[in-house]
Structures are given as C-alpha cells and as structure tokens.
Amino acid sequence: MTAIMVQVTNYQTKKASLVQELSNHNSSGPASTATQLKKKIAEYDSNIALLQQKYDETTKRAETAFERTQDLPFLRRARAIRWQLTLSATSYGMLASFLSSKEAFLPMSTLLQTKCEIHVERRDPLPYTPSCILDDGKDRDK
C-alpha cells in the first residue's frame, strides 16, 4: 500500500511542476504547447484518481480481513510468524524438485519462500515415527 502512495506523490509532484510550467508559459509561447501541458495534467489527474481508488480498495480489504480475524488470535499470529523448518539436504532436494516439477505448485513454493525460514543441514533425514503408532502399542499392552 505504501508503494501506491509513493506513486501518487510522484504524480502529484510531476503535476505541480507542469502546473507551474503552464502558469509561466501562459504569458508567452504557442498555444499548442499549453494544450499539450493541459492534456498531460489531465492524464496525471486521472492516474492519481485511479491510484487513490486502488489505495482505498486495498485499505478497505485489509480492514475487512482484520475485522474477520479479530476474534481469532491464532490466525493473526500465524500470518505474522515466519515458520522455521529444518530439513536435511536430501529432504530439501526432494522438496525443491517436487515444487519445481509443475507450475501448479508455484503458489505453494511462493508461500514456503515468503512464510517459512528453511534451514538446510548436512545430515541424513531424521526418522519420523507418528505418535499414533506408539499409542497403538500402548493400548495393546493393556
């Protein structure tokens, strides 16, 4: 959203310089140049209006999203936190090849890159035993 406001400020600065040039130009000079300056000012006005509308829509959307998650603090924290993942070099290679194999996984790849901090270690993958397997063993003993 800040980028939009920077663009608006740039257009407003350019417009102000054109208005100044037009006011200096009115006293002397051809009318065609004044017409061109007025067209350029009108173009800057329309661009400023479009960017302002885009900013307002984005702000409204962000406010709506915030209001929806107001009662769900977990979602707010989950959106703000960068998850730390530690993978072995082999696991990371498999994940990277899987995500780059199809364009359909591009959003998932982007999500991982923006929301996760991936640490790659030179080690063998750690064995993972789901807890449900261990729980089944306890139940049979009783």
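## Glycine 93 and helix α4

Glycine 93 is found in helix α4, which spans residues 89-100. The model is predicted. Glycine 93 has a relative accessibility of 34% and therefore counts as partly exposed. The cut-offs that matter here are under 20% for buried and over 50% for exposed, with partly exposed in between.

Along the chain, glycine 93 and valine 120 are 27 residues apart.

## Threonine 86 and strand β1

Threonine 86 is found in strand β1, residues 83-88.

Which residues does threonine 86 touch, leaving aside those up to four places away in sequence? They are His119, Glu121 and Arg123. Threonine 86 is partly exposed, because its relative accessibility is 41%.

## The chain as a whole

The chain has six helices and two strands. From the N terminus on, the order of elements is α-α-α-β-α-α-β-α. There are 142 residues in the chain, and 14% of them count as buried.

## Packing of α1 and α2

Two packed helices are described by the angle between their axes and the distance between the axes. Helix α1 covers residues 2-25, and helix α2 covers residues 31-69. Their axes come within 9 Å. The crossing angle is roughly 160 degrees. Are α1 and α2 roughly parallel or roughly antiparallel to each other? An angle over 145 degrees counts as roughly antiparallel, and α1 and α2 are therefore roughly antiparallel.

The crossing of α1 past α2 is left-handed. By class, the contact of α1 with α2 holds 14 nonpolar residues, seven polar ones and seven charged ones.

## Two residues of helix α2

Asparagine 47 lies in helix α2. Is asparagine 47 buried or exposed? Its relative accessible area is 19%, so asparagine 47 is buried; the cut-off for buried is under 20%. Asparagine 47 and glutamine 7 are 40 residues apart in sequence. From C-alpha to C-alpha, asparagine 47 and glutamine 7 are 9.4 Å apart in space.

Tyrosine 55 also has its place in helix α2. At 24% relative accessibility, tyrosine 55 counts as partly exposed. Along the chain, tyrosine 55 and methionine 5 are 50 residues apart. The C-alpha atoms of tyrosine 55 and methionine 5 are separated by 7.5 Å.

How values were computed
Residues are numbered from 1 along each chain as its sequence is written. This is a predicted model: local features need pLDDT of at least 70, side-chain atom pairs count only at pLDDT 80 or more; totals for chains, interfaces and linings use all residues. Side-chain values use heavy atoms; hydrogens and water are left out. Axes are lines fitted to C-alpha atoms, for helices over the stretch in contact, and angles run from 0 to 180 degrees between N-to-C directions. Helices (H or I, at least four residues) and strands (E, at least two) are DSSP runs, numbered from the N terminus. Angles under 35 degrees count as roughly parallel, over 145 as roughly antiparallel, 65 to 115 as roughly perpendicular and the rest as oblique. A crossing is left-handed if the near helix is turned anticlockwise from the far one by less than a right angle, and right-handed if clockwise. Ala, Val, Leu, Ile, Met, Phe, Trp, Tyr, Cys and Pro count as nonpolar, Asp, Glu, Lys and Arg as charged, and the others, Gly among them, as polar. Buried means under 20% relative accessible area, exposed over 50%, partly exposed in between (1.4 Å probe, protein chains only). Contact means heavy atoms within 4.5 Å.
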